[in-house]
Amino acid sequence: MVADAALPKGRVGAHPRNKGQIVLVLQGGGALGAYQAGVYQAMHEAGIEPDWVIGTSIGAINASLIAGNAVADRMDRLHEFWARVEHGPMARAFGALPFVGLAMSSLMTMMQGVPGFFEPNLRSFGGAHVSLGPEAAGYYSTAPLAATLAELIDFSLVKACQPRLTVGAANVRTAEMRYFDSRETALDLRHVLASGALPPAFPAVRIGQELYWDGGILSNTPVETVFDDMPRRDSVVFAVHVWNPNGPEPDTMWQVLHRQKDIQYSSRAASHIARQRQMHKLRHVIAELARRVPEPLRSDPLTRELAAYGCLTRMHVVRLLAPSLDGEDHTKDIDFSAAGIRARWDAGYRDTCAMLEQSPWEAEIDPLEGFVLHETRAGAVVTPAS
């Protein structure tokens, strides 16, 4: 997808491996996931392969393509997937029309689906009260996606856990978030499809006795699973955000629809990060206080119990935020046009190359900080104050 010789090439100033395990976290966002593929390409070219890949929805698909292939094959499989889900000839023709092209292309997507991804479930249009069955109740069928992923992912490699793979899904019955983890469960195609089963478009997927929908309806930014993992490990976490948490005040209904979607699927990322920074700092403070306890008291059972709340692991979280494209609106997540995919892929590649060259994890930090956030803004890395 990236072929422009003018684009920067993947370089790394200081390898993040020196700071702990490498984790790649991918949000859900349909066509916006092309940005994630560009992020991975830059990492791949720089020789940075993740130890753990976590994703929801399209993020789970990209994550599975990475975890379910040998290192040498990963880029080919990502290219193949995104080539298969590009708009068909008719949608491309409508998309080329001036002024109304994007709207017409989106309409064609809703009417015809996306090749290799989803197709209309004609029975669902018979009426809102027509019984379809719990595993077919959706406006579209994802049978094409199942066939595509079955060809492109080797689940025996996923089982090998190199890298570890985690995908998020929402339990339809209990409304609880479930993270399926290859370290604990033999993941297969169902788990990936469940993570991307966004209602009412796509039907739920049954795993065991339970039905699951897209994890994005509960938590579209699955970085929380890294922070809750046990045992804790020093980590460099590349958190890839494809929905923009910041935006202008809308003054038309069209803009309202766009802004509402960005807010909904950015998943309160800022508040999650703020809470984790507080928790990790408190763990470092507890560990430091425990170190200062006089030796005779350290063996006391209560002292040992309280000191166990301390932790000296450190997480560098590198937050990559996909830029907005000119003219995009609330239909951007179904913009599977070749131009849209290329633009987002290139942006992910370019932003990540700039970030890797700056190696923000090497910056001076407060020893009491257990959680260090680095954000990319227009290709530049900013490390916000605590």
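The protein holds 14 helices and 12 strands, taken as DSSP runs (H or I of at least four residues for helices, E of at least two for strands) that are numbered from the N terminus. This is a predicted model, in which local features need pLDDT of at least 70 and side-chain atom pairs count only at pLDDT 80 or more, whereas totals for chains, interfaces and linings use all residues. Residues are numbered from 1 along each chain as its sequence is written, and side-chain values use heavy atoms, with hydrogens and water left out.

**Whole protein**
- Of the 386 residues, 51% count as buried, where buried means under 20% relative accessible area, exposed over 50%, and partly exposed in between (1.4 Å probe, protein chains only).
- Among contacts (heavy atoms within 4.5 Å) with a separation of 6 or more, 74% come from residues 24 or more positions apart.

**Strand β8 and its partners**
- Strand β8 (residues 210–214) is mostly covered, with 4 of its 5 residues buried.
- Strand β5 (residues 164–171) runs antiparallel to β8 and is joined to it by 3 bridges, pairing being assigned if DSSP finds at least two bridges between two strands; here Ala170 stands opposite Trp213.
- Strand β7 (residues 205–207) is likewise antiparallel to β8 through 3 bridges, and Ile207 stands opposite Glu210.
- In the hairpin that β7 and β8 form, 2 residues lie between the strands, and Gly208 in the turn has a positive phi of about 65°.

**Helix α5**
- Met111 is found in helix α5 (residues 101–112) and counts as exposed because its relative accessibility is 51%.
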